[in-house]
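Hi,

Here is the structure I promised to pass on. Have a look at it first, and then read my notes below.

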Amino acid sequence: MELLVEKAISSATGPLSPGEAMRRVLECIATGILLPDGPGLLDPCEKAQTDALGSMTKQAREDITASAQHALRLLAFRQIHKVLGMDSLPASKASARNRKRRRDGSETGEGEGEGKKDKKEDAEEVDA
């Protein structure tokens, strides 16, 4: 595991955040680095080219690859808590708000959309 993580992170062009590093490791596994016909992991301590994963069965390699692909899907849909095996964190106030613009006819909250309406009103006054 340590060899895989080191290889994935050291090949990055710059420093990675913990989340980016985790995603990069999962991407390496998901692309098939562990599969028998994949590039594999060479043991740096051996003089001869030795696959560090030689003791793993083909089925185990395929299972880990499929699990990494599933974990990447979960990360893409902001469900990292399922990958980490923990409870979901409560939604923050910023993400709970609707980020889309409101239409002109809809209700606006305090201070929302007023600046845009003022600009439209100013443009109408200039045209008149």
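How many helices and how many strands are there in the protein chain? There are six helices and zero strands, and from the N terminus on the elements run α-α-α-α-α-α. Helices (H or I, at least four residues) and strands (E, at least two) are DSSP runs here, numbered from the N terminus.

Two things before you dig in. This is a predicted model, so local features need pLDDT of at least 70 and side-chain atom pairs count only at pLDDT 80 or more, while totals for chains, interfaces and linings use all residues. Residues are numbered from 1 along each chain as its sequence is written, and side-chain values use heavy atoms, with hydrogens and water left out.

**The chain as a whole**

Of the 128 residues of the protein chain, 17% count as buried. Buried means under 20% relative accessible area, exposed means over 50%, and partly exposed is in between (1.4 Å probe, protein chains only). The accessible surface of the chain comes to about 10500 Å², and 53% of that belongs to carbon and sulfur atoms. Those areas come from the Shrake-Rupley method with a 1.4 Å probe; for residues, only the protein chains shown count as cover. As for contacts (heavy atoms within 4.5 Å), take those between residues at least 6 apart in sequence: 46% of them join residues at least 24 apart.

Start with α2, which covers residues 18–30. This helix has 13 residues and reaches 18 Å from its first C-alpha to its last, close to the 18 Å expected at 1.5 Å a residue. (The expected span is 1.5 Å times one less than the number of residues.) The buried residues of α2 are A21, V25, L26, I29 and A30, and they pack against α1 (2–10) and α3 (58–76). Just after α2, G32 takes a positive phi of about 105 degrees.

Which residues touch the most other members of the largest nonpolar core? Of its 14 residues, those are L26 and I29. The elements that give two or more residues to this core are α1, α2 and α3. A nonpolar core, by the way, is a set of buried Ala, Val, Leu, Ile, Met, Phe, Trp, Tyr and Cys residues joined through side-chain atoms within 4.5 Å.

Leaving aside neighbours within four places in sequence, I29 is in contact with L4, L34, I64, T65 and A68. L4 sits in helix α1 and is buried, with a relative accessible area of 6%.

Next comes α3, with 19 residues and a reach of 27 Å from first C-alpha to last, close to the 27 Å expected at 1.5 Å a residue. Its buried residues are R61, T65, A68, A71, L72, L74 and L75, and they pack against α2 and α4.

Side chains of opposite charge can pair when their charged atoms come close. A search of the whole structure finds one salt bridge, meaning a side-chain nitrogen of Lys or Arg within 4 Å of a carboxyl oxygen of Asp or Glu. The partners are R61 and D51, at 3.4 Å from N to O. R61 lies in α3 and D51 in the loop between α2 and α3, so the pair ties together parts that are ten residues apart in sequence. R61 is buried at 7% relative accessibility, whereas D51 is partly exposed at 32%.

**Around α4**

R78 is in the loop between α3 and α4. Its phi is near 55 degrees, a positive value in a residue other than glycine. R78 counts as exposed, at 76% relative accessibility.

Leaving aside neighbours within four places in sequence, H81 is in contact with M86, D87 and S88.

L84 also lies in α4 (residues 80–84), but is partly exposed at 47%. Together with I80, M86 and L89, L84 forms a nonpolar patch on the surface, with about 400 Å² of accessible area. Patches are made of residues with over 30% relative accessible area and no salt bridge; like charges are joined within 9 Å, and nonpolar side chains (Val, Leu, Ile, Met, Phe, Trp, Tyr) within 5 Å.

Cheers
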